[in-house]
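Please look over the model below with me.

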Amino acid sequence: MGRYIPNTDQDRQEMLEKLGLHSIEQLYEDIPCQVRLKDELDLPAALSEMELVRHMKDIAAKNKTVDEYICFLGAGAYDRYIPSVVKHVLARQEFYTAYTPYQPEISQGTLQAIFEYQTMVCELTGMDVANASMYDGASALAEAVCMACQATGREKALVARSVHPQSREVVYTYSRFRGIKVHEVGYDDGRVDAQELKRLMSDDVAAVVVQTPNFFGIIEMLDEIAEVVHHFGGLLVVSVNPISLALLKSPGSCGADIVVGEGQSLGNPLNFGGPYLGFMATTQRLMRRIPGRIVGQTVDLSGNRAFVLTLQTREQHIRREKATSNICSNQALNALAATVYLSVLGREGLKEVALLSMRKAHYAFEKLISEAGCSSMFSAPFFDEFVVKVPVPVEELNRELLEHGIIGGYAVEKDYPELQGGWLVAVTEERTKEEIDVLVREVGRR
């Protein structure tokens, strides 16, 4: 919302006259009288600009932010360090105010940025092609399930219960209106239950959906899962944490057919929940099934390097029956943030971020077990997030930690009733040894 609205009463009157109207009420004549507000809004008296700014600042000050609190909460959104150059590039007006680059002759900068983003996503995931970004990680996962069903001609998907609960809900919502039957696969020691997966697999399964590291922070065995899925002619859809790919084998090298994920960790702040960035990559065989659009590289009439929108699968561009999605925009500015972030860090920088996160997470895990009275819930290896059982009710613990300037972990029992007392703790490169020690000390006092 703008802090200053320049329209005067005279401006409004002139606009009405241009429209041939006498009052603003005439603009709403098509709205039935019974649904119109009859009385004035119950609002307090108007404030001066100075009073209003002070009032809004007082309200904003009630928020508890990661600038003031030590954050160990992850569960899909992570407090990571963002180099200052990311914001600097994003604020440039040619990017900040850019619209969809339908006219390549005047959009070369934007198109090149998206092309570089796609290239980096492919390098991270080990896939052949990536699109020009999705809305967020959850909807990207749901789109991947729909894409798999279209590609295979099947209408059944198996989703691991270790996939983020909110992402699973989005998959259910998309699937419900597309006639896709979704079944869950349980977990064993925090990982996909391989035996249950084998029992549930059949020739009518279009896709198996897994996440690695999964919601519990545990690394899944993709090679083994891919072998089972492909034996029945299904597609393996993998949701990934992009930071982890600096250390782990790429999903593509493990047999994934479609790779998606939440790109918030790549240079995008928490933003109180959004906007975030979904990425999607796939094999060349499935390239024409991918939703959204793809920027390609070509040459112009003079033989110079140039960029264009290559594949566009939205109804606006092709026949409705051939469209693979109704995505009508993308998160280009968020994707640009990811591109700048990855460019600045480079291969070794991203690896260092991943190593720092992993080592600090394992340090915190060991300290919570040995000194704070927590116990391990799973024995499988994890990356930078883990679940421990705490000695007191999780919500009570989090309230007390907040009083000491610490944003605690996530109560997994909200989504997994069988994991009572489970506390999902995330440790990124931002956390220091001193902050981790403070967490351990405060938890140990309970």
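1. A salt bridge is a side-chain nitrogen of Lys or Arg within 4 Å of a carboxyl oxygen of Asp or Glu. Glu418 makes one with Arg161, and their closest N and O atoms are 2.6 Å apart. Between domain 1 and domain 2 the count is one salt bridge.

2. This is a predicted model, in which local features need pLDDT of at least 70 and side-chain atom pairs count only at pLDDT 80 or more, while totals for chains, interfaces and linings use all residues. Residues are numbered from 1 along each chain as its sequence is written, and side-chain values use heavy atoms, with hydrogens and water left out.

3. Domain 1 covers 71–80 + 368–445 and domain 2 covers 84–340 of the protein chain; such bounds come from an automatic or database domain assignment. Taken over C-alpha atoms, the two centres lie 29 Å apart.

4. In contact (heavy atoms within 4.5 Å) are 24 residues of domain 1 and 25 residues of domain 2.

5. The area buried between the domains is about 2000 Å², with 60% given by carbon and sulfur atoms. Buried area is the accessible area (1.4 Å probe) that two parts lose on being put together, summed over both. In domain 1, Phe378, Phe383 and Tyr416 lose the most area to domain 2, together 34% of what that side buries.

6. By class, the side of domain 1 that touches domain 2 has 16 nonpolar, two polar and six charged residues. Here Ala, Val, Leu, Ile, Met, Phe, Trp, Tyr, Cys and Pro count as nonpolar, Asp, Glu, Lys and Arg as charged, and the others, Gly among them, as polar.
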